[in-house]
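I opened my notebook for a new structure today. I wanted to see what could be looked up in it, one entry at a time.

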Amino acid sequence: MSSLKRRTLLKGTAAATAVSVVGCASQVATSPRPRVVVVGGGWGGLGAVRTLAAGGKVDITLIEPNDGFMSCPLSVLYIAGYAPASNFQRSYGAVDALGVRPVKDRVVDIDRAGRTVKTATQSIPYDFLVLATGLEYMEEALPGLAAAREQFPVGFRAFEQSAVQRQVAAFLEQGGNFIISVPKPPYRCPPAPYERACLIAQRMKEKATKGKIIVVDANKHPMPPPMARPMETAMREMYGSQIEYITEADPKSIDAGRKVLSTSKGDIAFNHANIIPPMRAPGLIRKAGLGERFATIELPTFQSKADKNVFIIGDSQGSPLPKSGHIAFGTGQQVGAQILATVDGKYREADLGDEVTLPAAICWGKVSTSLAIMINVNASVAVGDPPKIRYEVDQTANATSSKGAIDWGNSIWHAMLG
Ligand SMILES: Cc1cc2nc3c(=O)[nH]c(=O)nc-3n(C[C@H](O)[C@H](O)[C@H](O)COP(=O)(O)OP(=O)(O)OC[C@H]3O[C@@H](n4cnc5c(N)ncnc54)[C@H](O)[C@@H]3O)c2cc1C
């Protein structure tokens, strides 16, 4: 069948993005309503849950330890003192109202042979498992960090922002050196460390804080590479007196008592430090044999290479797609649609070499409360090949993108949680 014919056929299915057959037809046939367990109620998990619930054909369980949702995107406005935390928080009420079974707990084990996930108190069976567990920090990469974890909040996961906000408030009052360290990719939202530096620097100007932010970057330029020039320009031209930018400086160890970060470019003394360590998928993924640093998946389906009944989406998966909430949400929607199409028996596999569009994203690098740099990410994959990723980036920070960022946040949070 030609690619054109195949794509036409896919359009007629319940999910235009659905592209592969899940090998569990017998399981689906014997169960009155297939059971889908979604682990993680962040960006990816909510995309899956909303789509699955709209289909009305499967029993959905959402396992998430937090009481509610908090966005990392745009929460820099809270961290730097420009907005309350509540602007970035939502309750799970809208999802509960869809008839999703909520389990407020943490999955500690996955029994793939028995198709069951385990929390500390219960075992929950599944026909399809969607893992949207985000990531964890590789604290061991920086000797001295784990022992002083409380002193160095990272703030790259939901609800951790409060501790960073308190640290920033103390710095703005007391001054001194505030280190923000940037790891090598892959890490969550590459522009985020520079965005954080810029917004804190704006606040320093307003409050006449005596001191500086030292961005200690393991990379040669700001990440991601297509955003390097406008971001570096913004840091230099807008905050030349507030931000010192040190590149290709690999953190080697941290001495929390003496307040010294040792790097490949020498020791740097600090009063406050926001150390952003390298990141990986949570240990659950490794324990279940689904990958090493990140889960190994098939594109375009996001099925585990080890288990066709397991989908890994969002930042836990190890494809070259950027670690973005927008992509995580879109991937959740795609996987939800794939599962529904499979349940309906309408799911069709793409032919080898077919070009399939992958979830897209917009990421924002705010450089002040009124200016931002937008990066638009589009990706596709020819089945069997690595994905092709295309970036469109603002060449200068601008007010339109700053407003666009807020509108984007409000619209995507509404799609997630009403
Ligand atoms: C400062 C900052 C700015 C950002 N800006 C942007 C932006 O402008 N645009 C953009 O697209 N993206 C942005 N991102 C990236 C975005 O936040 C992430 O890519 C997104 O959160 C990934 O979604 P996820 O579902 O994989 O993980 P998460 O949203 O982190 O969700 C994971 C969920 O899984 C739960 N969980 C983990 N382990 C378990 C377990 N064992 N059992 C049960 N539940 C579990 C967690 O509690 C959590 O709720 C930004 C990130 C940061 C840090």
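My entries follow, grouped by topic.

**Ground rules**

I am working with a predicted model, where local features need pLDDT of at least 70, side-chain atom pairs count only at pLDDT 80 or more, and totals for chains, interfaces and linings use all residues. I number residues from 1 along each chain as its sequence is written, and side-chain values use heavy atoms, with hydrogens and water left out.

**Aromatic rings**

I began with the rings. A pair of aromatic rings is described by the distance of the centres and the angle of the planes. Rings of Phe, Tyr and Trp (its six-membered ring) pair if their centres lie within 6.5 Å; planes under 30 degrees apart count as stacked, over 60 as edge-to-face and the rest as tilted. How many aromatic pairs does a search of the whole structure find? I noted seven. Trp43 and Trp408 form one that is stacked, with 5.8 Å from centre to centre and 15° between the planes. Trp43 belongs to helix α3 (residues 43-55) and Trp408 to helix α11 (residues 399-417), so this pair ties together parts that are 365 residues apart in sequence.

Are Trp43 and Trp408 buried or exposed? I found Trp43 buried, and Trp408 too. Buried means under 20% relative accessible area, exposed over 50%, and partly exposed in between (1.4 Å probe, protein chains only). Ring pairs also join Trp43, Phe69, Trp364 and Trp408 into a cluster.

**Charges over rings**

Next I looked for charges above ring faces. A charge sits over a ring if NZ of Lys or CZ of Arg is within 6 Å of the ring centre and within 35 degrees of the ring normal. Arg203 has its charged end over the ring of Tyr82, 4.7 Å from the centre. Lys323 lies over the face of Phe294, and here the distance to the ring centre is 4.1 Å.

**Around the ligand**

I then turned to the ligand. I counted a residue as near if one of its heavy atoms lies within 4 Å. The ligand is surrounded by 33 residues, and the closest are Gly44, Glu64, Arg188, Asp315 and Gly325. Which elements each supply at least two residues of this shell? They are α3, α10 (325-343) and β20 (355-366). By class, I listed 17 nonpolar, ten polar and six charged residues. Here Ala, Val, Leu, Ile, Met, Phe, Trp, Tyr, Cys and Pro count as nonpolar, Asp, Glu, Lys and Arg as charged, and the others, Gly among them, as polar.

I also checked backbone N or O atoms. One of Val107 lies 2.9 Å from a ligand nitrogen. One of Gly325 lies 2.8 Å from a ligand nitrogen. For Lys323, such an atom is 3.4 Å from a ligand oxygen. Taken alone, the ligand exposes 1000 Å², and the protein buries 93% of that. Those areas come from the Shrake-Rupley method with a 1.4 Å probe.

**Loops**

Gln303 is in the loop between α9 (283-287) and β19 (310-312). I found Gln303 buried, at a relative accessible area of 1%. Its side chain reaches the backbone oxygen of Lys308 at 3.0 Å. Pro300 is found in the loop between α9 and β19. The peptide bond from Leu299 to Pro300 is cis, with omega near 10°.

I looked up another cis bond, from Met223 to Pro224, with omega near -10°. Pro224 lies in the loop between β12 (211-217) and α8 (228-239).

Glu160 lies in the loop between β10 (136-137) and α6 (161-174). The Glu160 side chain makes a polar contact with the side chain of Tyr137 at 2.5 Å. A polar contact is a pair of N or O atoms within 3.5 Å; within protein, one must be able to donate a hydrogen and the other to accept it, and residues adjacent in sequence count only if both atoms are side-chain atoms.

**Positive phi**

Cys189 is not a glycine, yet has a positive phi of about 50°. I placed Cys189 in the loop between β11 (176-182) and α7 (192-207). Glu248 has phi near 50°. At 43% relative accessibility, Glu248 is partly exposed.

Key. Helices (H or I, at least four residues) and strands (E, at least two) are DSSP runs, numbered from the N terminus.
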